[in-house]
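Here's a quick briefing to read alongside the model. Have the sequence and the 3D view open as you go through it.

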Amino acid sequence: MTYTVHPTAIIDNGAQIGEGTFVWHWVHICGGAVIGKNVSLGQNVFVGTNVKIGDKCKIQNNVSVYDNVYLEDGVFCGPSMVFTNVYNPRSLIERKNEYRDTLVKKGATLGANCTILCGITIGEFAFIGAGALVNKNVPAYALMVGVPAKQVGWMSEFGEQLDLPLNGSAKTICENTGDVYFLESNVVFKKNTSSSSGSET
């Protein structure tokens, strides 16, 4: 075994788990799940069957990653944050054939106790504040807070707020890394990176 599993964890047959991953207390991973390398699954995490989790993700305590949720590399899921997969659930009506896909792109942060409604995409390196309710697509690098969540700024890949307006055209430099970020047509991208979300001019 190339990953670490606590004795209390349950891993169903067929689950794929990458090298260097840590599976902590009381985790349950269903049989069809695909989990990348160097992932951390905290205490009491549930991972559904139709779930893909990329490399170097951190899923903190008490998070359920339900079917049709897909996390790219380096996603952070804060303690007790919530995913959904049915838009209009009723206990008396079967809606398993109505699951909506949720995609969280590379490097995004989902703060503690936030809720992500199903059927949306969270852009690369977006930052969802603690307790926020996200009910629509989120642009790359966007900083979202509140209920419902509204964009209040832009975040660097380092995890610091960028000195950029919400819209228009501008550029700034991350004080921690020296990376240059551009805002054009309400899209932020970093100069000369593979994770760019727009085109340089």
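This is a predicted model: local features need pLDDT of at least 70, side-chain atom pairs count only at pLDDT 80 or more; totals for chains, interfaces and linings use all residues.

**Overall picture**

- The chain has 0 helices and 25 strands; both are DSSP runs numbered from the N terminus, helices being H or I with at least four residues and strands being E with at least two.
- The radius of gyration is 18 Å, which agrees with the value near 17 Å that a compact globule of 201 residues would have. That radius is taken over C-alpha atoms, and the globule rule is 2.2 Å times the number of residues to the power 0.38.
- Along the principal axes, the C-alpha atoms fill a box of roughly 50 × 40 × 25 Å.
- Of the 201 residues, 40% count as buried (buried is under 20% relative accessible area, exposed is over 50%, and partly exposed is in between, with a 1.4 Å probe and protein chains only).
- The accessible surface comes to about 10400 Å², and 48% of that belongs to carbon and sulfur atoms. These areas come from the Shrake-Rupley method with a 1.4 Å probe, and for residues only the protein chains shown count as cover.
- Among contacts (heavy atoms within 4.5 Å) between residues at least 6 apart in sequence, 15% join residues at least 24 apart.
- There are 15 positive and 17 negative side chains, and the centres of the two sets lie 4 Å apart. Lys and Arg count as positive, Asp and Glu as negative, while His and the chain ends are not counted; each charge is placed at NZ of Lys, CZ of Arg, CG of Asp or CD of Glu.

**The nine-strand sheet**

- An open sheet of 9 strands runs in the order β1-β4-β7-β10-β13-β16-β19-β21-β22, with mixed pairing. Two strands pair if DSSP finds at least two bridges between them.
- β1 (4-5) and β22 stand at the edges with a single partner strand each, so one side of each is left without a neighbour in the sheet.
- Strand β19 (residues 127-128) pairs with β21 in the parallel sense over 2 bridges, and F127 stands opposite L143 in β21.
- β21 and β22 run antiparallel, joined by 4 bridges; A142 has W154 in β22 as its bridge partner.
- T109 lies in strand β16 (residues 109-110) and counts as buried because its relative accessibility is 17%. Not counting residues up to four places away in sequence, T109 touches F76, A126, F127 and I128.

**The three-strand sheet**

- A second open sheet has 3 strands in the order β14-β17-β20, and its pairing is parallel. β14 and β20 (133-134) are the edge strands, each pairing on one side only.
- Two strands here, β14 and β17 (residues 115-116), run parallel and are joined by 2 bridges. The bridge partner of F83 in β17 is I116.
- T102, in strand β15 (residues 102-104), is in contact with both of those residues, F83 and I116. Its other contacts beyond four places in sequence include N68, V69, Y70, T84 and C118.
- Why does T102 count as buried? Its relative accessibility is 0%.

- The peptide bond from V147 to P148 is cis, with omega near -10°. P148 lies in the loop between β21 (142-145) and β22 (150-154).
- That hairpin of β21 and β22 has 4 residues between the strands, and G146 takes a positive phi near 100° there.
- S80 has a phi near 65°, a positive value in a residue other than glycine. S80 lies in the loop between β13 (76-77) and β14 (82-83), and counts as partly exposed because its relative accessibility is 27%.
- S185 also has a positive phi, near 50°, and is a residue other than glycine. At 65% relative accessibility, S185 counts as exposed.

Conventions:
Residues are numbered from 1 along each chain as its sequence is written. Side-chain values use heavy atoms; hydrogens and water are left out.
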